[in-house]
Amino acid sequence: MGFNEEDNYLMLSGIQHFLFCKRQWALIHIEQQWEENVRTIEGQFLHTKADQPFIREKRGDKLVVRAMPVKSKQLKITGVCDVVEFIRSDFGIELASTEGKYLAYPVEYKRGKPKKDDSDLLQLTAQALCLEEMLLCEVNTGYMYYNEIKHRVEVPITANFKSKVKSIVSEMYDYYQRRHTPRVKTGVFCKSCSLQHICLPNIMSKRSVKSYIEGKIAE
């Protein structure tokens with residue numbers, strides 16, 4: 001089989017892991033470690049409706065596409081948009097097998113309520129960048145739907161957010177190419193991490209998870 005460049009694309013969803021903890025991201029996406037907890041299970045349940053295989057639904061001047069695969073060759077990331085809404089507009093773009101022109105709006109579904117940091121917004125921005133590259137258009141607005149508040153929030157996708165995403169993904173890709181797992185930086189957030197028992201933050205300041213497990217096997 002020939003080499004597929006997309007095999008080395010990073011998962012778009014990893015942006016949130018990376019912003020939460022760079023070591024957590026590396027454990028999941030480089031060392032291939034994973035452990036379920038309440039947060040991840042709840043998140044999967046919330047996505048059940050959105051993650052139906054690439055369903056298109058027409059509602060008047062709105063076309064709703066669920067579980068839409070997206071990617072960016074420039075950023076080398078790939079993922080799935082929970083929902084992309086295409087609203088008919090004279091300022092939009094043409095879509096295959098669809099009459100008229102449309103503007104694209106990514107919609108991301110999240111458990112809980114809006115976060116104090118920008119991690120949700122940056123993930124949504126990454127989806128917008130993928131859509132821009134794939135559809136040759138501009139995406140300047142998206143939406144976040146939060147399960148706890150039961151309604152969606154309009155999000156301006158600014159040039160500043162787009163620049164931040166490009167910088168973050170570049171750093172992620174540098175770690176990925178070097179297969180580098182950052183050292184532990186402990187904090188209160190460790191208690192809510194789904195990988196705390198794998199990461200072993202109290203003793204893993206100098207050893208990788210792989211070397212620790214290999215040492216235990218050798219004992």
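This is a predicted model: local features need pLDDT of at least 70, side-chain atom pairs count only at pLDDT 80 or more; totals for chains, interfaces and linings use all residues.
Residues are numbered from 1 along each chain as its sequence is written, and side-chain values use heavy atoms, with hydrogens and water left out. Local features need pLDDT of at least 70 and side-chain atom pairs count only at pLDDT 80 or more, whereas totals for chains, interfaces and linings use all residues.

The chain has 7 helices and 7 strands. Both are DSSP runs numbered from the N terminus: helices are H or I with at least four residues, strands are E with at least two. From the N terminus on, the order is β-α-α-α-β-β-β-β-α-β-β-α-α-α. The chain holds 219 residues, and 45% of them are buried. Buried denotes under 20% relative accessible area, exposed over 50%, and partly exposed in between (1.4 Å probe, protein chains only). Contact denotes heavy atoms within 4.5 Å. Of the contacts between residues at least 6 apart in sequence, 57% join residues at least 24 apart.

Helix α2 (residues 22–29) is largely enclosed by the rest of the structure, because 7 of its 8 residues are buried. These are Arg-23, Gln-24, Trp-25, Ala-26, Leu-27, Ile-28 and His-29. Two packed helices are described by the angle between their axes and the distance between the axes. The axes of α2 and α5 (residues 159–178) come within 11 Å and cross at roughly 50 degrees. That makes α2 oblique to α5. Axes are lines fitted to C-alpha atoms, for helices over the stretch in contact, and angles run from 0 to 180 degrees between N-to-C directions. Angles under 35 degrees count as roughly parallel, over 145 as roughly antiparallel, 65 to 115 as roughly perpendicular, and the rest as oblique. The crossing of α2 past α5 is right-handed, a term for a near helix turned clockwise from the far one by less than a right angle. On the α2 side, Lys-22, Trp-25 and His-29 take part; they meet Glu-171, Met-172, Tyr-175 and Tyr-176 of α5. The residues of this contact divide into 4 nonpolar, 1 polar and 2 charged. Here Ala, Val, Leu, Ile, Met, Phe, Trp, Tyr, Cys and Pro count as nonpolar, Asp, Glu, Lys and Arg as charged, and the others, Gly among them, as polar.

The largest nonpolar core has 42 residues, of which Trp-25, Ile-77 and Phe-86 touch the most other members. At least two residues of this core come from each of α1 (14–20), α2, β3 (62–72), β4 (77–95), β5 (98–110), α4 (119–135), β6 (141–146) and α5. A nonpolar core is a set of buried Ala, Val, Leu, Ile, Met, Phe, Trp, Tyr and Cys residues joined through side-chain atoms within 4.5 Å. Beyond its neighbours within four places in sequence, Phe-86 contacts residues including Leu-63, Val-65, Met-68, Tyr-102 and Leu-135. A second, separate core of 6 residues includes Leu-27, Ile-28, Cys-193 and Cys-199.

Met-134 lies in helix α4. This residue is partly exposed, at 37% relative accessible area. Not counting residues up to four places away in sequence, Met-134 touches Met-68, Pro-69, Val-70 and Lys-71. Met-134 and Lys-71 are 63 residues apart in sequence, yet 7.4 Å apart in space, C-alpha to C-alpha.

Most residues other than glycine have a negative phi. Lys-76 has a positive phi of about 60 degrees and sits in the loop between β3 and β4. Its relative accessibility is 24%, so Lys-76 counts as partly exposed. Arg-179 has a positive phi of about 50 degrees and is found in the loop between α5 and α6 (196–199). Arg-179 is partly exposed, at 47% relative accessible area.
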